[in-house]
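The following walks through a two-chain model, beginning with the contact between the chains and ending with the fold of one of them.

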2 protein chains.
Amino acid sequence: MDRANRRQITGYSNPTVKFLKSLRDKKHRRREGRFLAEGLRLLTDARENGRVPEMLVMADKRDPHPLLDALIAAVDVAGGEIVETTPDILSKISGKDNPQAVAGVFAEFDTTLATLDRSAAPIWLVAQALRDPGNLGTMLRTGDAIGAGGLILIDDCADPFSVEAVRASMGAVFTQGLAQATWDEFLPWLRSGAGQLVAASLREAVPYRGAPYTAPCFVLVGNESRGLPDNYERASDLRVTMPMKGRADSLNAAVAAAVLGYEVLASLKG
Amino acid sequence: MDRANRRQITGYSNPTVKFLKSLRDKKHRRREGRFLAEGLRLLTDARENGRVPEMLVMADKRDPHPLLDALIAAVDVAGGEIVETTPDILSKISGKDNPQAVAGVFAEFDTTLATLDRSAAPIWLVAQALRDPGNLGTMLRTGDAIGAGGLILIDDCADPFSVEAVRASMGAVFTQGLAQATWDEFLPWLRSGAGQLVAASLREAVPYRGAPYTAPCFVLVGNESRGLPDNYERASDLRVTMPMKGRADSLNAAVAAAVLGYEVLASLKG
């Protein structure tokens, strides 16, 4: 460990520790254009998808692992920095009592609509004003499972680069496409090419099961407490509802996206 | 507001405030046998399901609402206590910056398997070692939506009476059946009557879509990171898998339960 790009940090007040801790805060992430991802599995997903951390932070006492060796090698090749520190400081950085033994700093991705290739996948998930980072991450994870192309975040959503969203995505933040746009940007983009917009609706709608889905299908779910604005639903090509047998009139947003997404997947397969 | 069961609290150090705050902690909930639920809608769900809080806590400056009047009347009839306090103190109690204007203290329910009537519903959700209270609450909410009888928590799960679980359930903690048991208690109970045990499996299994579900169907999902123990899967009547098109090999536990639960609902209907 005597290469130029390696450092050992043992002090809590080290500027790098402060920088890493600051990435738990959205304002600092925006300013730095960087975010934090934790855990060997997640970082391996990133690496295998061509995303190598600019900085890799590891506990100085850790179990050896071939995937960690591969990660270190990739960071070396990319000219990134490797930092070793104590488990205590890692815990301070991650804000968890039992931190992962490894974390990485990544440059935030370009999340403009132009980065998406709609022909690359038959299903896309679209969330409007999604407030919960856990729901956001879960939608990315579900998108990966159903073979979606990615997640499009409409209007004021939670931050996809927050530690909670990255964690809940289980690595899918690195493998799914990701875009952030206003409705007024999204709709013209959608209508500039092929694409069916399907709204999960609480209003006048057809049953989600057996509805006429076509690829590429954009599955749109609304805010956790308010659902979709009426004009968003009206602009959709298809409004579908799921049975509600109980007292409540809605599902958790990530659950609604998953149930609908799996239905679209089965429908498009034939 | 001069009846005997009404009190005004303005001090942070008031013992009632300390008691209410302590209910955010599992150890104190167990000791007191009480839990906290917040929000007019949630408390109304509880009331309409015959669950009236022992103590109702309200902000002293609040908007009038007929549902709040109904709640106050129900607490009065049941001989419960009504406490008025400041928004600041309510915020202290709930641990949120924007607390709901009303909260209630409930006695914890009996959650033994004997309280469940399996003939009351065609679907039951079963979670094993579910660690995340948000997932737990979401499963209760989903259970309500699919007309499930309730949620059975196997082995060491998150606390269904935690503020996070109650909140995520959106009131379904009051309307769904709820049981906590070890696997060694659950399996004999299940086999003592009718019931198909369906495991969401990552191993050898049939596709979840079109699988031969029969009522009452017990949908079993495993721990967030480890999935189900092998012997639990083998003891199940049916092992089903959902398509995994991406890099990951699993779904969020609450998502898996929902996708599978909606499939069972559709299958049993037709």
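Predicted model: local features only at pLDDT ≥ 70, side-chain atom pairs only at ≥ 80, totals over all residues.

A polar contact is a pair of N or O atoms within 3.5 Å; within protein, one must be able to donate a hydrogen and the other to accept it, and residues adjacent in sequence count only if both atoms are side-chain atoms. Between chain A and chain B, 20 residue pairs are in polar contact, both at pLDDT 80 or more.

Residues are numbered from 1 along each chain as its sequence is written, chains are lettered from A and ligands numbered from 1 in the order in which they are written, and side-chain values use heavy atoms, without hydrogens and water.

Eight salt bridges link chain A and chain B, each a side-chain nitrogen of Lys or Arg within 4 Å of a carboxyl oxygen of Asp or Glu. One of them joins Arg209(A) to Glu263(B), with the closest N and O atoms 3.0 Å apart.

Chain A itself has eleven helices and twelve strands. Its C-alpha trace spans about 65 × 35 × 30 Å along the principal axes. Of the 270 residues of chain A, 55% count as buried, meaning under 20% relative accessible area with a 1.4 Å probe, protein chains only.

Note on methods: Helix = DSSP H or I, 4+ residues; strand = E, 2+ residues; numbered from the N terminus. Buried < 20%, exposed > 50% of the residue type's maximum accessible area, 1.4 Å probe, protein only.
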